[in-house]
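Please look through the sequence and the model shown here before reading on. The paragraphs below go from the overall fold to the surroundings of a single side chain.

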Amino acid sequence: MIAVLSDTHSTDGHDLQGRALDTVREADLVVHAGDFTTEAAVDAFYDVSDELFAVHGNADEPAVRDRLPGARTLEAGGIRIAVTHRQRGGTTGLAFFGRERGADLVVSGHTHQPTVTETEDVTLLNPGSHADPRGNPAAHAELYPEDGGVRSEIRDRGGSVLREFRVEGR
């Protein structure tokens with residue numbers, strides 16, 4: 001299983017609670033779309049996860065920006081995932097970012113609002129924020145590889161499914 005998170009905004013740890021904490025501990029891979037804020041938060045994620053694949057965000061301190069790239073692409077669960085914190089141009093900018101990288105799924109953050117947007121070429125996922133939801137439900141995403149793609153869920157801190165979707169590999 002792949003755990004997907006963003007926008008931790010912590011000064012001293014991962015601030016994971018409930019289902020998000022369980023998911024990160026159990027995941028084979030954790031994808032984080034930035035805004036840890038401090039190195040302590042990044043280190044806490046490394047401590048609690050088996051494998052962390054992360055980018056920095058606009059609120060990250062310089063030491064975090066030095067450690068993490070602004071964008072990355074990986075192959076996992078039978079799909080190609082492009083990760084960034086944000087892109088100018090909103091949905092269009094994120095879709096273009098994904099097409100440039102041949103991605104099936106683009107993971108981003110920044111808005112703290114858990115959303116899934118299907119475009120012609122790529123699925124856009126913002127898992128929301130597990131720790132600083134800013135008026136939205138505290139949320140994360142879980143991706144379960146199966147049949148050449150991933151079965152996916154956005155879940156709140158208590159474990160309730162907010163949205164289900166599927167991403168097919170190419």
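**From the overall fold to one histidine**

In this predicted model, the protein is built from four helices and eleven strands. Its radius of gyration is 14 Å, close to the 15 Å that the globule rule gives for 170 residues, so the protein is as compact as a globular protein of that length. Taken along the principal axes, the box filled by the C-alpha atoms comes to roughly 40 × 30 × 30 Å.

Turning to the interior, buried residues account for 53% of the 170 residues in the protein.

As for the surface, the protein exposes about 7300 Å², of which carbon and sulfur atoms supply 41%. The side chains of the protein include 17 positive and 29 negative ones, and the centres of these two sets lie 4 Å apart.

His85 is placed in the loop between β5 (79-84) and α4 (90-100). Is this histidine buried or exposed? His85 has a relative accessibility of 3%, and because buried means under 20%, His85 counts as buried. The side chain of His85 has polar partners of two kinds, backbone and side chain. A polar atom of this side chain lies 2.7 Å from the backbone oxygen of Ala33, and the side chain of His85 also makes a polar contact, at 3.3 Å, with the side chain of His110.

Technical notes. Residues numbered from 1 in each chain as written. Predicted model: local features only at pLDDT ≥ 70, side-chain atom pairs only at ≥ 80, totals over all residues. Heavy atoms only, no water. Helix = DSSP H or I, 4+ residues; strand = E, 2+ residues; numbered from the N terminus. Rg over C-alpha atoms; globule rule 2.2 N^0.38 Å. Buried < 20%, exposed > 50% of the residue type's maximum accessible area, 1.4 Å probe, protein only. Areas by Shrake-Rupley, 256 points an atom, 1.4 Å probe, with all protein chains shown as cover. Lys, Arg positive; Asp, Glu negative; His and termini not counted. Charge placed at Lys NZ, Arg CZ, Asp CG, Glu CD. Polar contact = N/O pair within 3.5 Å; in protein donor to acceptor, adjacent residues only side chain to side chain.
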